[in-house]
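Visitor: I like to know what stands behind each label. Could you walk me through this one?

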Amino acid sequence: MKTAPLEGIKVIDWTQVQSGPSCTQLLAWLGADVIKIERPGTGDPTRTQMLDIPDLDGLYFLQLNSNKRSIELDAKTPEGKEILKKLLQDADIFVENLHPGAADKLGFSWEEVHKLNPRLIYGTIKGFNPESPYANVKAFEPVAQCAGGAAATTGWWEGEHNIPTQSGAALGDSNTGMHLVIGLLAALMQREKTGEGCFVYQSMQEAVLNLCRVKLRDQLILEHTGEIKHFPGYPEYKVGDTVPRYGNAEGGQVLGWCYKCKGWETDSNAYVYIVLQNEDKAFDKACEGMGITKWINDPKFNTPAARNLVKQEIYAEIEKYTITKDKYEVVSELSKFGVPCGPVLSIAEIEKDESLHKCGTLVKVPQPKRGEYLTIGCPQKFSNFTPEIKSAPLLGEHTDEILKEIGYSDDEIKEFREKHVVCK
Ligand SMILES: CC(C)(COP(=O)(O)OP(=O)(O)OC[C@H]1O[C@@H](n2cnc3c(N)ncnc32)[C@H](O)[C@@H]1OP(=O)(O)O)[C@@H](O)C(=O)NCCC(=O)NCCS
């Protein structure tokens, strides 16, 4: 069977920037018909942000809106509201990520929309949950990383770099979008049984926090025992009353660290990550691979508990090995000894990674006006279906087509246009 999993599912996508669009883009890749509602004349703000080619849709927009259709619609006009209602009556899923209260104010709260179409599933993204003191605060990526525990636990635990640090990965935005996808798909399954749609509320803070649950684990360990033995500064550094930042530690109870490789002085990504597993056999093999066989019979190093007391000494010794080779050599050598390891890949290296192109994760997409652009396609691989990554829509590209689908005539569309309900 080659049918796309979400074929036949219609999504009304009133989202913008990254969190919401990442959610609806994935639904589109999985086969849903995603109709993006955009403000007439301007559209999603990312269309005009960080432009690499003047007057063309920006790469930020293209990376997050492929496989969608676009309708320009002023949802503040009475006619615009009517059009949106018609679209919702005929849809399965509605997703919005406007600022708190904006959709409600325009008459598109969950309660109103549920009355309009009881089968419709309503997904919303906000910075914070409704119980939060910040429920009405607008949020962007770093706000969520800071409020969700990521920034407080990322970076170095001492010295001048001991400052809250956000991840380069979009934990606040795309991660929230992916969380909402899970909720929406579950709601679709639920609707199969109940016949009724539900409201799925996903806050950005909670999407980040969900990925920081191991940090809460460590907080509780600290409160119960007064220390965190797997923290990389243990035992020398005295932890206060909260989980410190762990630098590049693995985060569990095995010794993992990021090591300099040949060329690190000029290449900021000439690093490799190596994990030393706890089991004797795996540890002995790693020692062999790195040529540090003296540790195998030395009680200072040959048990996990002993190693935990001399972590920094171990890291320094391993780096004497890695610094003599490039990161690919290290991985090639150590993988033969069964050591979990990987090179630190720059984005420039990832862009050229043939394996990622071959499996369809990095894809070139044809785009009207611009020509081809490179994007990251669907990260999941299915045995019976391959998502086809198509271009992102031009602003209002499908306005007429969509209006006709819900029954409007050419004359009515002309009138909407004259009144700037759809576009100038
Ligand atoms: C992202 C965010 C901070 C931007 O806030 P913003 O600059 O106020 O932009 P919004 O689009 O939400 O709202 C601006 C206005 O445009 C209006 N608008 C949006 N689409 C419209 C349309 N198609 N037709 C008419 N009006 C529209 C909104 O109703 C709002 O009007 P109001 O200010 O009178 O209430 C905010 O939307 C937010 O906090 N969203 C939830 C969290 C989130 O997803 N953030 C991450 C984004 S990556």
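Guide: Gladly! Let us begin with helix 1 and helix 7, which are oblique to each other. This is a predicted model, where local features need pLDDT of at least 70 and side-chain atom pairs count only at pLDDT 80 or more, while totals for chains, interfaces and linings use all residues. Residues are numbered from 1 along each chain as its sequence is written, and side-chain values use heavy atoms, leaving out hydrogens and water.

Visitor: Why are helix 1 and helix 7 called oblique?

Guide: The axes of helix 1 (residues 19–29) and helix 7 (residues 174–194) cross at roughly 45° and come within 7 Å. Axes are lines fitted to C-alpha atoms, for helices over the stretch in contact, with angles from 0 to 180 degrees between N-to-C directions. Angles under 35 degrees count as roughly parallel, over 145 as roughly antiparallel, 65 to 115 as roughly perpendicular and the rest as oblique. Helix 1 and helix 7 are therefore oblique.

Visitor: Which residues of helix 1 and helix 7 meet?

Guide: From helix 1 come Ser 19, Ser 22, Cys 23, Leu 26 and Leu 27; they meet Ser 174, Gly 177, Met 178, Leu 180, Val 181, Leu 184 and Leu 185 of helix 7. Contact means heavy atoms within 4.5 Å. The residues of this contact divide into 8 nonpolar, 4 polar and no charged. Here Ala, Val, Leu, Ile, Met, Phe, Trp, Tyr, Cys and Pro count as nonpolar, Asp, Glu, Lys and Arg as charged, and the others, Gly among them, as polar.

Visitor: What makes helix 7 and helix 8 roughly perpendicular?

Guide: Their axes cross at roughly 90° and come within 9 Å, helix 8 being residues 204–211. Helix 7 and helix 8 are therefore roughly perpendicular to each other. Asn 175, Thr 176 and His 179 in helix 7 meet Met 204, Ala 207, Val 208, Asn 210 and Leu 211 in helix 8. By class, that contact has 4 nonpolar, 4 polar and no charged residues.

Definitions and conventions. Helix = DSSP H or I, 4+ residues; strand = E, 2+ residues; numbered from the N terminus.
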